[in-house]
Amino acid sequence: MKKSQPTRMCITCRSRHPQHTLIRLQQKGTEVVIFEGMGRSFYLCDTCVRDEKKIKGLAKRLRQDFERFTEFLGQLTR
Ligand SMILES: [Zn+2]
């Protein structure tokens with residue numbers, strides 16, 4: 001029997017991806033940070049993370065400073 005991989009939905013494009021390919025983040029106070037194991041988290045897929053337009057929309061939605069947010073995500077995907 002084929003073991004099915006756990007999938008999670010990307011917050012931006014709303015499509016499902018294998019969990020291990022996604023970036024897991026959480027909101028901590030006013031900042032978005034890497035998921036620390038507690039609290040509510042959300043996922044961002046590898047495609048969206050490189051899509052400036054989508055990141056812009058997401059930054060707005062999460063009330064993040066666009067430049068800081070882009071830099072933060074850039075560090076994660078480097
Ligand atoms: Zn996505």
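1. **Zinc site geometry.** The zinc ion sits in a tetrahedral site, with angles of 103 to 115° among its 4 donor atoms. Four donors count as tetrahedral here if all angles lie between 85 and 135 degrees. The ideal angle for four tetrahedral donors is 109.5 degrees.

2. **Basis of the values.** This is a predicted model: local features need pLDDT of at least 70, side-chain atom pairs count only at pLDDT 80 or more, and totals for chains, interfaces and linings use all residues. Residues are numbered from 1 along each chain as its sequence is written, and side-chain values use heavy atoms, with hydrogens and water left out.

3. **Zinc donors.** The protein donors are C10 (SG), C13 (SG), C45 (SG) and C48 (SG), at 2.2 to 2.3 Å from the zinc ion. Donors are N, O and S atoms within 2.8 Å of the metal (3.2 Å for Na, K and Ca); water is not among the atoms, so sites may look incomplete. Along the chain the spacing reads C-x2-C-x31-C-x2-C. C10 is buried, at 0% relative accessible area. C13 is partly exposed, at 30%. The classes are buried under 20% relative accessible area, exposed over 50%, and partly exposed in between (1.4 Å probe, protein chains only).

4. **Q26.** This residue lies in strand β3 (residues 23-28). Strands (E, at least two residues) and helices (H or I, at least four) are DSSP runs, numbered from the N terminus. Q26 is buried, with a relative accessible area of 6%. A polar atom of the Q26 side chain lies 2.7 Å from the backbone nitrogen of E36. The side chain of Q26 also reaches the backbone oxygen of M38, at 3.0 Å. Polar contacts are pairs of N or O atoms within 3.5 Å; within protein, one must be able to donate a hydrogen and the other to accept it, and residues adjacent in sequence count only if both atoms are side-chain atoms. Leaving aside neighbours within four places in sequence, the contacts of Q26 (heavy atoms within 4.5 Å) include V32, I34, E36, M38 and F42.

5. **Nonpolar core.** The largest nonpolar core has 19 residues, of which L25, V32, L44, F69 and L73 touch the most other members. At least two residues of this core come from each of β3, β5 (41-44), α1 (52-61) and α2 (66-77). Such a core is a set of buried Ala, Val, Leu, Ile, Met, Phe, Trp, Tyr and Cys residues joined through side-chain atoms within 4.5 Å. Not counting residues up to four places away in sequence, L44 touches residues including C10, L25, I55, L58 and L73.

6. **Helix α1.** I55, L58 and A59 are buried in α1. They lie on the same side of α1, because they cover an arc of only 105° around the axis. The arc is taken from the directions from the helix axis to the C-beta atoms. On the other side of α1, K53 and K60 are exposed. The cover over the buried residues of α1 includes β5 and α2. D51 caps the N-terminal end of α1, with a side-chain oxygen 3.1 Å from the backbone nitrogen of K53.

7. **Positive phi.** Most residues other than glycine have a negative phi. R14 is not a glycine, yet its phi is positive, about 60°. R14 lies in the loop between β1 (7-9) and β2 (16-18). R14 is exposed, at 56% relative accessible area. R63, also not a glycine, has a positive phi of about 55°. R63 follows α1, in the loop between α1 and α2. R63 counts as exposed, at 76% relative accessibility.

Conventions. Tetrahedral: all angles 85-135°; square planar, octahedral: opposite > 155°, others 65-115°.
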